[in-house]
Every structure is written in C-alpha cells, then in structure tokens.
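This report goes through one chain, from its fold to single residues. The structure comes first.

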Amino acid sequence: MDIGILVPIISVVMVFGMPIAIVFIVQMNKARNNAELQKTLRMSIEKGQPLPPEFVESIQRSVPKAKNPMNDVRAGLVLLAVAAGLAVMDYMSHDFIFGHLAGVAAIPGFIGLALLILGIVGLNTRKPN
C-alpha cells in the first residue's frame, strides 16, 4: 500500500476522531468522579458518620441550575451580534453587504433569532411566583 494514500485517511480520522475522543474522555472522567462521590457518600451514611457542611454545600453548588428563559435571550443576542459583526466585516472588506461572509453570518444570525424568540416566549409563558 502506498504511504501517500494513508496521509489523507489518517488526517480525516484525526480531525473527526480527536474531538470525539476528547469529549468521551471528559464524560468518562465525570462519570467516574460521580461514581466515587456516590460510593463515598454511601459508605459514610452506612457508618453513621455526619457529613461536613462544606461537603454538602459543594454538592449543592455542583447541581446544575434550572433553565432560565433569560439565558436563551442572552445567547440569542450574542449570536445576533456575531452575525452582525461578520456582516460588517464583509461590508468593510468587499463594499457589499450580501457577499460570501454575509452568507456565513446568516447561520449564527438565524440561530440567534430562534433563541431570542424561544427566550421571549419562555419569559411570557413563565408562571408567576
């Protein structure tokens, strides 16, 4: 087999495989740490040992917060700003607004618009406390 054909194959595998491997390793470490924490908690409860307040606070801080519609609004505005920045950069470099880079700017722009609409709808349908 010719070595020249292996270079593109290895390149493609590395480009697409490395992000997958990195995410897999991070998730595996999180799962292992969580399992160790559960094991430690179980053993201390079985032995009747009290849990230190600092430990309980650290567990409570690690719990993900509830989803807030304001986060969607914030993310939508950021993506719309990225799209506007790309469109302005395209205008400044090519003297026309609907060039190649403005087409790329439509992707984060429409995602930002969708998140903005989701956030506004979520804020309007929010249950009063």
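## Fold and basis of the model

The chain holds four helices and zero strands, in the order α-α-α-α along the sequence. Helices (H or I, at least four residues) and strands (E, at least two) are DSSP runs, numbered from the N terminus.

This is a predicted model, in which local features need pLDDT of at least 70 and side-chain atom pairs count only at pLDDT 80 or more, while totals for chains, interfaces and linings use all residues. Residues are numbered from 1 along each chain as its sequence is written, and side-chain values use heavy atoms, with hydrogens and water left out.

## Confidence

The predictor's confidence in each residue is given as pLDDT, from 0 to 100. Its mean over the chain is 84, and 91% of the residues reach 70 or more. Helix α1 has the highest confidence, with a mean of 90, and helix α2 (residues 53-62) the lowest, with a mean of 79. Where pLDDT is low, the predicted coordinates should not be read in detail.

## Overall dimensions

The radius of gyration of the chain is 24 Å, whereas a compact globule of 129 residues would have a value near 14 Å. This radius is taken over C-alpha atoms, and the globule rule is 2.2 Å times the number of residues to the power 0.38. Along its principal axes, the C-alpha trace spans about 75 × 65 × 20 Å.

Contact means heavy atoms within 4.5 Å. Among contacts with a separation of 6 or more, 60% are between residues 24 or more positions apart.

## Surface and charge

Of the 129 residues, 14% count as buried; the classes are buried (under 20% relative accessible area), exposed (over 50%) and partly exposed (in between), with a 1.4 Å probe and protein chains only. The accessible surface comes to about 10,600 Å², and carbon and sulfur atoms supply 71% of that area. Areas come from the Shrake-Rupley method with a 1.4 Å probe; for residues, only the protein chains shown count as cover.

The chain carries 11 positive and 8 negative charges, and their mean positions lie 13 Å apart. Lys and Arg count as positive and Asp and Glu as negative, with His and the chain ends not counted. Each charge is placed at NZ of Lys, CZ of Arg, CG of Asp or CD of Glu.

## Residues in helix α1

Helix α1 covers residues 3-46 and includes E36. K30 and S44 are also found in α1. K30 is exposed, because its relative accessible area is 53%. E36 has 46% relative accessibility and so counts as partly exposed. S44 has a relative accessible area of 11% and is therefore buried. Leaving out residues up to four places away in sequence, S44 touches Q49 and L51.

K30 and L86, 56 residues apart in sequence, are 36 Å apart in space. E36 and N68 are 32 residues apart in sequence and 30 Å apart in space.

D72 is buried because its relative accessible area is 13%. Beyond residues up to four places away in sequence, D72 touches K67, L115, L116, L118 and G119.

A83 is buried because its relative accessible area is 9%. With residues up to four places away in sequence not counted, A83 touches A105, P108 and G109.
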